[in-house]
Amino acid sequence: MRLVDEFRDPAKGRALVEAIKSRLEAIAPARPLQIMEFCGGHTHAIFRYGLNQMLPEAVEWVHGPGCPVCVLPRERVDAAVELTRRPEVIFTSFGDALRVPGSAGSLREAGAKGADVRVVYSPLDALEIAHRHPDRDVVFFAIGFETTMPATALTVLRAEVEEIPNFSLLCHHITTPAAVRAILDDPGLSLDGIVAPGHVASGVGADTFRFIPTEYRIPTVVSGFEPLDLLQSLWMVLGQLEAGECRLENQYRRVVNEQGSRAGRAAIDR
């Protein structure tokens with residue numbers, strides 16, 4: 001399958017590992033280099049394909065904030081559970097948020113106790129439920145980084161056009177730069193490079209991450225999610241370290257440009 005199989009080629013993977021080893025020998029670091037990927041999709045790929053086991057000890061993956069569900073504050077879960085206690089509410093959410101515990105239990109537990117909690121696969125599913133139940137208040141638990149923000153924004157705009165008054169959001173979208181800044185501002189942090197998430201950049205643009213090399217002086221590469229994407233991105237980060245440079249590079253050019261999706265960003269801004 002084009003753009004999948006070709007980025008899982010074992011021979012090319014071994015060649016990239018050898019190229020990474022050559023750059024590490026040229027750099028000759030006094031300690032293992034710390035390269036952070038801050039997307040759960042990247043972390044999953046690293047372990048699924050054994051990339052952490054293929055690399056020499058001179059480089060280590062550091063796992064960042066992961067997915068937006070992982071960094072969901074307990075207070076926001078508590079607010080969601082509180083809403084489910086209202087008999088007029090149909091509470092809708094992506095399935096991965098249902099198990100996150102709050103002070104008074106999880107959404108899954110609230111559903112087991114009789115609350116009307118429903119799993120949806122997109123905010124448009126929640127809007128359709130509001131269509132079918134005009135006598136109920138349908139709330140969508142809007143979570144996620146910039147990857148899911150456009151879908152939420154477009155659904156809200158559609159609800160406005162279709163004049164659906166019983167649809168609303170419990171909004172906890174998180175912007176990736178803010179999450180990354182919270183990590184990079186830690187004075188005890190020591191990172192040598194960052195692999196940035198390509199799916200976020202496909203929406204908001206690669207330039208979103210330019211602040212990392214500019215302000216924090218950390219080499220940064222926007223990466224895809226296949227094993228060869230990650231290996232090439234690591235090789236590119238090491239190339240900057242070997243050359244004594246610090247800039248933003250875009251490995252995921254088949255999907256990502258500098259500015260991102262204008263339509264998606266316009267919907268979010270509106």
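## Terms and model

Buried means under 20% relative accessible area, exposed means over 50%, and partly exposed lies in between (1.4 Å probe, protein chains only). By that scale Arg247 is partly exposed, at 34% relative accessibility.

This is a predicted model, in which local features need pLDDT of at least 70, side-chain atom pairs count only at pLDDT 80 or more, and totals for chains, interfaces and linings use all residues. Residues are numbered from 1 along each chain as its sequence is written, and side-chain values use heavy atoms, with hydrogens and water left out.

## Overall layout

The protein chain has 270 residues, and 50% of them count as buried. Its C-alpha atoms fill a box of roughly 70 × 40 × 35 Å along the principal axes. The secondary structure comes to 12 helices and nine strands. Helices (H or I, at least four residues) and strands (E, at least two) are DSSP runs, numbered from the N terminus.

Contact means heavy atoms within 4.5 Å. Take the contacts with a separation of 6 or more: residues 24 or more positions apart account for 80% of them. The chain exposes about 13,400 Å², and carbon and sulfur atoms supply 52% of that area. Accessible areas come from the Shrake-Rupley method with a 1.4 Å probe; for residues, only the protein chains shown count as cover.

The chain carries 28 positive and 35 negative charges, and their mean positions are 2 Å apart. Lys and Arg count as positive, Asp and Glu as negative; His and the chain ends are not counted. Each charge is placed at NZ of Lys, CZ of Arg, CG of Asp or CD of Glu.

## Nonpolar cores

A nonpolar core is a set of buried Ala, Val, Leu, Ile, Met, Phe, Trp, Tyr and Cys residues joined through side-chain atoms within 4.5 Å. The largest one holds 32 residues. Phe91, Leu107, Phe140, Phe141, Ile143, Phe167 and Leu170 touch the most other members. At least two residues each come from helix 4 (74-84), strand 3 (89-93), helix 5 (107-112), helix 6 (123-132), strand 5 (137-144) and strand 6 (167-173). Strand 5 gives the largest share, six residues.

Leu170 shows how these parts meet. Beyond four places in sequence, Leu170 touches Arg76, Ala79, Ala80, Leu83, Phe91, Val139, Phe140, Phe141 and Ala142. Another core lies apart from the largest one. It has 24 residues, among them Ile174, Ile194, Ala206 and Val222.

## Buried sites

Ser93 is found in strand 3. Its relative accessibility is 1%, so Ser93 counts as buried. Setting aside neighbours within four places, Ser93 is in contact with Leu98, Leu107, Arg118, Val119, Val120 and Phe141. Ser223 sits in strand 8 (residues 220-223). Ser223 is buried because its relative accessibility is 0%.

Val180 belongs to helix 8 (residues 176-184). At 1% relative accessibility, Val180 is buried too. Past four places in sequence, Val180 touches Phe38, Phe211 and Ile212. Val100 is 80 residues from Val180 in sequence and 22 Å from it in space, C-alpha to C-alpha.

## Salt bridges

A salt bridge is a side-chain nitrogen of Lys or Arg within 4 Å of a carboxyl oxygen of Asp or Glu. The whole structure has 15 of them. One pairs Arg8 with Glu226, with the closest N and O atoms 2.5 Å apart. Arg8 lies in the segment before helix 1 (10-27) and Glu226 in the loop between strand 8 and helix 11 (227-243), so the bridge ties together parts 218 residues apart in sequence. Arg8 is partly exposed, at 34% relative accessible area. Glu226 is buried, at 13%.

Arg247 meets Glu249 in another salt bridge, at 3.3 Å from N to O. Glu249 is buried, with a relative accessible area of 17%. Arg253 bridges to Glu258, with the closest N and O atoms 3.7 Å apart. Here Arg253 is exposed at 57%, and Glu258 is partly exposed at 32%. Asp116, Arg118 and Arg136 are linked in a network of salt bridges. Arg118 is also among the contacts of Ser93.
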